[in-house]
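Let's take a walk through the inside of this protein together. Have the sequence and the fold ready to look at.

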Amino acid sequence: MAHGDKAALARALARLERAPEAADTLALLDAAYQASKGQVVGVTGPPGVGKSTLMGALIRSLRAKGRTVGVIAVDPSSKRSGGALLGDRVRLLSDPDDRGIFVRSMAARDRLGGLAELTVAGMVLMRAVYDVVLIETVGVGQSETDVAGVADTVLFCVQPGSGDSLQFMKAGIVEIPDVAAITKADTGAPAERALSDLKGALSLNEEEDDTWQARCLKLSAETGEGLDDLIAALDAHRAWLGQHDRLAAHRARQAEQWLIEALRDRHGREGLKRLGKVTLDAGTSPFSRLSELAARL
């Protein structure tokens, strides 16, 4: 799996879904957590903004630059089967014979955060294999901000002429994006107005000192305009995270928060209360720690 064997990764993900708490599954997740190599990019934005079209174009651009890509696409769930409604990923036009890309759909089911329950574990597996891991959420709204707790870098997409940038401010998610992109830049003046609105929205969150200032840009997945600028912005954020151990600290906070939320989901607030303060030592995998703490309850 570590060498990009797509069949091996597919088997590992299937095993994860069938037996997430089995000893061999936990051992695999712990090993993958320690062997992280890729950048995780969360792609989010309102439904219909063109995330999947952008994802397809971004995948092709990354592959053209020689980078391997893993994709987790979180789709709405079928009420009949519980599976992902768009599980065939027809929207992501990629070469199925390309060993440098792997696409996996996951059903959101009853998760309000825009991500599937097993997204974190799946991401950790892919992060150990691919240069870039893209996670596409169902959509974004007041409750759908979990992607910030999974990704290293969050890309927020806005469509020209939709008023999404204003809704974005109202939704209370102004702190989420590291990179914000206006899709459909080929629309001309509406794209320029949307970019101006977006910059204004993000300026409300500007801070001083050693904080990352979100990059704003416009692009077109259809024409390819702005895709190189987008990749450069993602790379710049990864480089910034790589300074002063920011990335390790960022991932440690995410892992601890995931651990706490997983315990709360499984055992409720009373269960958390019985455990007392839940912590995760730096560099420690949250998966075995979850099993260890759950065994106490």
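Cavities here are found on a 1 Å grid over the protein atoms alone: a cavity is a set of points where a 1.4 Å probe fits but cannot get out, and its lining residues have an atom within 4 Å of a point. Points are joined across faces, edges and corners, and the volume is the space filled by probe spheres set on them. This is a predicted model, in which local features need pLDDT of at least 70 and side-chain atom pairs pLDDT 80 or more, while totals for chains, interfaces and linings use all residues. Residues are numbered from 1 along each chain as its sequence is written, and side-chain values use heavy atoms, without hydrogens or water.

One cavity reaches 30 Å³ or more, and the volume of the largest cavity is about 110 Å³. Of its 13 lining residues, Val120, Met123, Arg251, Gln254 and Ala255 lie nearest the centre.

Now for the nonpolar core, a set of buried Ala, Val, Leu, Ile, Met, Phe, Trp, Tyr and Cys residues joined through side-chain atoms within 4.5 Å; buried means under 20% relative accessible area (1.4 Å probe, protein chains only). The largest core has 42 residues, and Met123, Leu125, Met126, Leu259, Leu263, Val278 and Phe287 touch the most other members.

A second, separate core holds 26 residues, among them Val49, Leu134, Ala221 and Leu230.

Note on methods:
Buried < 20%, exposed > 50% of the residue type's maximum accessible area, 1.4 Å probe, protein only. 1 Å grid on protein atoms, 1.4 Å probe; cavity = no way out; pocket = protein on both sides within 12 Å on 5 of 7 lines; lining within 4 Å.
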